[in-house]
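This briefing sets out selected features of the structure shown below, grouped by topic. It is intended for use alongside the sequence and the coordinates.

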Amino acid sequence: MAKQKFIDAVRGKRTEDAPWVPYAGVHCAFLINEPADKFLQDPELLAKGLVETAKKYKADAIPLVFDLSIEANSVGCDLKWWPDNVPSVTTHPCSNKTPEEAGLTLPTKDTGRWPVLFEAARIAKPQLDELDCAIIGGICGPLTLGSHLAGVRIFTDVYKNREFAHAVLEYAGKIGAVAAQFYAEMGCEVIAIIDPVASQIKSETFKEFVTPYVKPATDVINGADLTSSFFICGDATKVMVDVCELDTHGFAIDEQLNLNFIRDLAMKYGKGFGGNLKLTLALSLGLLSPREDAIVSLAAGGHIGFTFAPG
Amino acid sequence: MAEKIKIDVLTLDSVQCAACGYMMESIAALPDDVQEMIEYKEWSIKTKEGVGKFMEMKGKVLPSICIEGDLVFESIIPQYEELIDAMGERAPSSVKERLASLRDVGFNFDKLQENLKKAGAGLNTKIA
């Protein structure tokens, strides 16, 4: 396992071979025979699952959690828990008012599940250091957090009610900066802004409503001399240039994008890039051979700035 | 009402994937008057039936919304009015006018969880 190799790759540098990062998430719970809802609320189980998964898969890095409800929950969104999945956000406090009108404040280390994460990181960090495995802090990106706060109306508001959309997303950006600071204090070497729904909008919408509200988090991460990344899911083709123009060291994509296209784009912008072992087609459904899929990804990704990971 | 507009939402899994979740929510948060005119279901590609529906609809990307068998919103979460218009274009003539009259109503989140449950959101996402 090689922490520095992963950091170098995210920063777009040449590595001896591609670092490997399983975005294990609640799969860690499965590996230690615990339900996801219990695992995500118990710091000792979280740390145990994380360390065992890093060992099992010989990971060069692993996300502390892969749960995009943490920030929303810490400012008042209710959750529905699942035994085999991440929790879903069930209420939207900004569905009919701005964050200010709703009386929302910024999260603290004591709100929501932040105390669980701080404790899990405290337990897991020395063990992962011993394995030479980096920890990734995963922040909920501004548009996904804006969706949690305001509901699906945010995708209409970015066209029809722009002032409201800016108010919600500006607040989401400020929460991102707080979360970045928390993950930095937990000892995460790489902090990723994870914004899956940012692939579901047009490029001009991304530029106006995502780019400026990613910056508060990247200012914290880059300012602390840590390494920053932006994770996007789905068919993000229409916004990939915008992703490359963010102030992050690298980015990661999923199975719906062609890795040759992504590699060339990343090289052009001097970014690290991660992906894209096919989570659905190969790992979940077995419609493709995971082994052959891995070989294709590794060949396409090469040795400059590439992190091999599921997508 | 006898004739309902049929909507199929192709997803990875609306619990795990936020984009899929908000694609589902765009239908589940339609106001009550629109809910009466539509029937909809989540098809997670993690299930055999979901793979079958993806093939049947000639899906290319996830998530996607199909209305009356047409792939309409592919990796774009629709605005409220876009959804109403897309349904109106494919609606039986008996409901077109009523649907058009609801174009300015906007999303309603009061029965969101109830509507998502009816559509099977998050309930059929295990690997078959």
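Val65(A) counts as buried because 25 C-beta neighbours lie inside 10 Å of this residue, where 20 or more are required. The model is a predicted one.

- Val65(A) is placed in the loop that joins strand S1 (61–63) to helix H5 (70–74) of chain A.

**Packing of H4(A) with H6(A)**

- Helix H4 (residues 43–56) and helix H6 (residues 114–130), both of chain A, pack at about 35°, and their axes are 8 Å apart.
- The two helices H4(A) and H6(A) form a right-handed crossing.
- On the side of H4(A), the contact involves Pro43(A), Glu44(A), Leu46(A), Ala47(A), Leu50(A), Val51(A) and Ala54(A); on the side of H6(A), the partners are Val116(A), Glu119(A), Ala120(A), Ile123(A), Ala124(A), Gln127(A) and Leu128(A).
- This contact of H4(A) with H6(A) comprises eleven nonpolar, one polar and two charged residues.

**Packing of H13(A) with H15(A)**

- In chain A, helix H13 (residues 259–269) and helix H15 (residues 290–301) pack at an angle of about 25°, with 9 Å between their axes.
- H13(A) is therefore roughly parallel to H15(A), since angles under 35 degrees count as such.
- The crossing of H13(A) with H15(A) is right-handed.
- H13(A) contributes Leu259(A), Asn260(A) and Arg263(A) to the contact, and H15(A) contributes Ser297(A), Ala300(A) and Gly301(A).
- By class, the residues in the contact of H13(A) with H15(A) are two nonpolar, three polar and one charged.

**Interface between chains A and B**

- The contact between the chains joins 27 residues of chain A to 26 residues of chain B.
- On the side of chain A, two or more residues each come from strand S3 (85–89), helix H7 (142–150), helix H8 (154–160) and helix H14 (279–284).
- The side of chain A that touches chain B consists of ten nonpolar, 15 polar and two charged residues.

**Chain B as a whole**

- Chain B has six helices and four strands, arranged from the N terminus as β-α-α-β-α-β-β-α-α-α.
- The radius of gyration of chain B is 14 Å, which agrees with the value near 14 Å for a compact globule of 128 residues.
- Along the principal axes, the C-alpha atoms of chain B fill a box of roughly 40 × 30 × 25 Å.
- Of the 128 residues in chain B, 46% are buried.
- Among contacts in chain B with a separation of 6 or more, 67% are between residues 24 or more positions apart.

**Surroundings of Leu102(B)**

- Leu102(B) is found in the loop between helix H5 (93–101) and helix H6 (112–118) of chain B.
- Leu102(B) counts as partly exposed because 18 C-beta neighbours lie inside 10 Å.
- Not counting residues up to four places away in sequence, Leu102(B) touches Pro31(B), Asp33(B), Val34(B) and Ile84(B).
- Leu102(B) is eleven residues from Ala91(B) in sequence, and their C-alpha atoms are 14 Å apart.

Methods. Residues numbered from 1 in each chain as written. Chains lettered and ligands numbered in written order. Predicted model: local features only at pLDDT ≥ 70, side-chain atom pairs only at ≥ 80, totals over all residues. Buried ≥ 20, exposed ≤ 12 C-beta atoms within 10 Å, placed from the backbone. Contact = placed C-beta atoms within 7 Å. Axes fitted to C-alpha atoms, helices over the stretch in contact; angles between N-to-C directions. Parallel < 35°, antiparallel > 145°, perpendicular 65-115°, else oblique. Left-handed = near helix turned anticlockwise from the far one by under 90°. Nonpolar A, V, L, I, M, F, W, Y, C, P; charged D, E, K, R; others polar. Rg over C-alpha atoms; globule rule 2.2 N^0.38 Å.
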